[in-house]
Amino acid sequence: MVLPQVFPDDEVIGFVARHRPANVNAALGRFGLAGLRAHVLPLPRPLLYDAWHHLGAPPLLLGTPFDVVHAPSVAVPPRGKAPLVVTVHDAAPDLFPEAFTRRGLRFHRAGLAAASSRADLIVTVSQAAAQEIADHTAIRPERIRVVPNGVEQVAVPAERRDAVVRANGLADSPYVLWVGSIEPRKGVDTLVAAMAMLHRRGVRARLVLTGYEGWLGKGVLAPADTDELGSDLVRLGPVPDDELWALYAGAAVFAFPSRHEGFGFPVLEAMTQGTPVVCSDLAVLREVAGDAAVRVTVGEVKAWADAIGGLLADPIAARRFGEAGRAHAAEWSVERSIRGTRAVYEEVLGGG
């Protein structure tokens, strides 16, 4: 959400690690924040986060009063006079430490400790995430507030969808789409193996992977499976938002085989485009996707192949799940998320 649009009567001040002013302004512009006042702190990002977590310095901004500080991740600033709200997305560092680099693990654990000791309230994005945070960190459940993410309802004209599909060489066969960061806990290896199994069954559909390589992403995919798929495995890497929406709209199936998520944003994004979704049968995805998706046991390659293959072969079922998903996603509005965020601010200011 874009805070100046969310709270037009309030002044919003951004804080960023040390970067060149031109780079800061360019980044703000890309997110529609060209008019935002941004205070650049004196340290580059890695040093800044370590200093915040271990030294309690530097402060955000001396001499400027503000009512609430909101850290949208576990990069937790020092506590000042204003109430502090911290968003914690999940407890993955404790549940899946093997999925993090050593530095990433140190950062997240230090950030969680800082959130526990400094924050007035913790925001998280799902009931499932709230439960795992309470179970696996020092943050107590009475300090956690659940504010679900909201998803934009983006209309993609058919001409734009078709143009993006053609431009990426995907117009001549159906494709299964995946969106995320390639890393162990995202389960992309299961999806690639399932698509390779379908390939061996004679099902000709491409698998399109979009996103970036995350922590420990190298070597996640089995060479035998990627070799089986050959040119039917399309790795697009990161794509611009407007192109991504078009890829969602053009996909025959969206697949989301994660082993763990705090929320699962791409599931709802795909649903807004009427694309049928196959996702992991996780507590958080039961919460977020409901009955509007086909849910499959984590890591069971044959079950994933059967579920995806079933939708590819049955356009009536695919259309039914697509329509159900579109209606379901409409309930997860950005406005609801805005109201929930504002309610947390009012609570820490004594009005809740």
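Reader: Hi! Quick one to start: where is Ala 293 found?

Author: Hello! Ala 293 sits in the loop between H12 and S12. Helices (H or I, at least four residues) and strands (E, at least two) are DSSP runs, numbered from the N terminus. This is a predicted model, where local features need pLDDT of at least 70 and side-chain atom pairs count only at pLDDT 80 or more, while totals for chains, interfaces and linings use all residues. Residues are numbered from 1 along each chain as its sequence is written, and side-chain values use heavy atoms, with hydrogens and water left out.

Reader: Thanks. Is Ala 293 buried or exposed?

Author: Ala 293 is buried, because its relative accessible area is 7%. Buried means under 20% relative accessible area, exposed over 50%, and partly exposed in between (1.4 Å probe, protein chains only).

Reader: And what does Ala 293 touch?

Author: Not counting residues up to four places away in sequence, Ala 293 touches Met 271, Val 277, Cys 279 and Phe 321. Contact means heavy atoms within 4.5 Å.

Reader: What is the strand order in the open sheet of six strands?

Author: The order is S9-S8-S7-S10-S11-S12, with parallel pairing. Strand S9 (233-237) and strand S12 (294-296) are the edge strands, each pairing on one side only. From one strand to the next, the twist averages 25°. Axes here are lines fitted to C-alpha atoms, for helices over the stretch in contact, and angles run from 0 to 180 degrees between N-to-C directions.

Reader: Which strands does helix H13 touch on that sheet?

Author: Helix H13 (residues 301-313) touches S7, S10, S11 and S12, and its direction makes about 165° with that of S11. Helix H10 (residues 241-250) packs on the sheet too, touching strand S7 (175-182), strand S8 (206-213), S9 and strand S10 (253-256). The direction of H10 makes about 140° with that of S7.

Reader: Let's switch to the sheet of four strands. What order does that one have?

Author: That open sheet runs S3-S4-S5-S6, with parallel pairing. Neighbouring strands are turned by 25° against each other on average, direction ignored.

Reader: What stands opposite Val 123 on either side?

Author: Thr 87 stands opposite Val 123 in S5, and Val 123 stands opposite Arg 145 in S6. Strand S4 (residues 84-87) and strand S5 (residues 121-124) pair in the parallel sense over three bridges. S5 and S6 also pair in the parallel sense over three bridges.

Reader: Which residues of S5 are buried on each side?

Author: Leu 121 and Val 123 are buried on one side, and Ile 122 and Thr 124 on the other, with both faces of S5 covered. The chain then crosses from S5 through H6 to S6, and this β-α-β crossover is right-handed. Right-handed here means that, with the strands pointing away from the viewer, the path from the first strand over the helix to the second runs clockwise.

Reader: Nice. How does H6 lie, and which of its residues are buried?

Author: Helix H6 (residues 127-136) lies across S5 and S6, running at about 165° to S6. Its buried residues are Ala 128, Ala 129, Ala 130, Glu 132, Ile 133 and Ala 134. Their cover includes helix H4 (92-95), S5, S6 and helix H12 (283-289).

Reader: Another spot: where is Asp 232, and what is Asp 232 in contact with?

Author: Asp 232 is in the loop between helix H9 (223-229) and S9. Asp 232 counts as buried because its relative accessibility is 13%. Leaving aside its neighbours within four places in sequence, Asp 232 is in contact with His 199, Arg 204, Ala 205, Arg 206 and Leu 207.

Reader: Last topic, the whole chain. How many helices and strands are there?

Author: The protein chain has 15 helices and twelve strands. Of its 352 residues, 50% count as buried. Along its principal axes, the C-alpha trace spans about 65 × 40 × 40 Å.

Conventions: Pairing = 2+ DSSP bridges.
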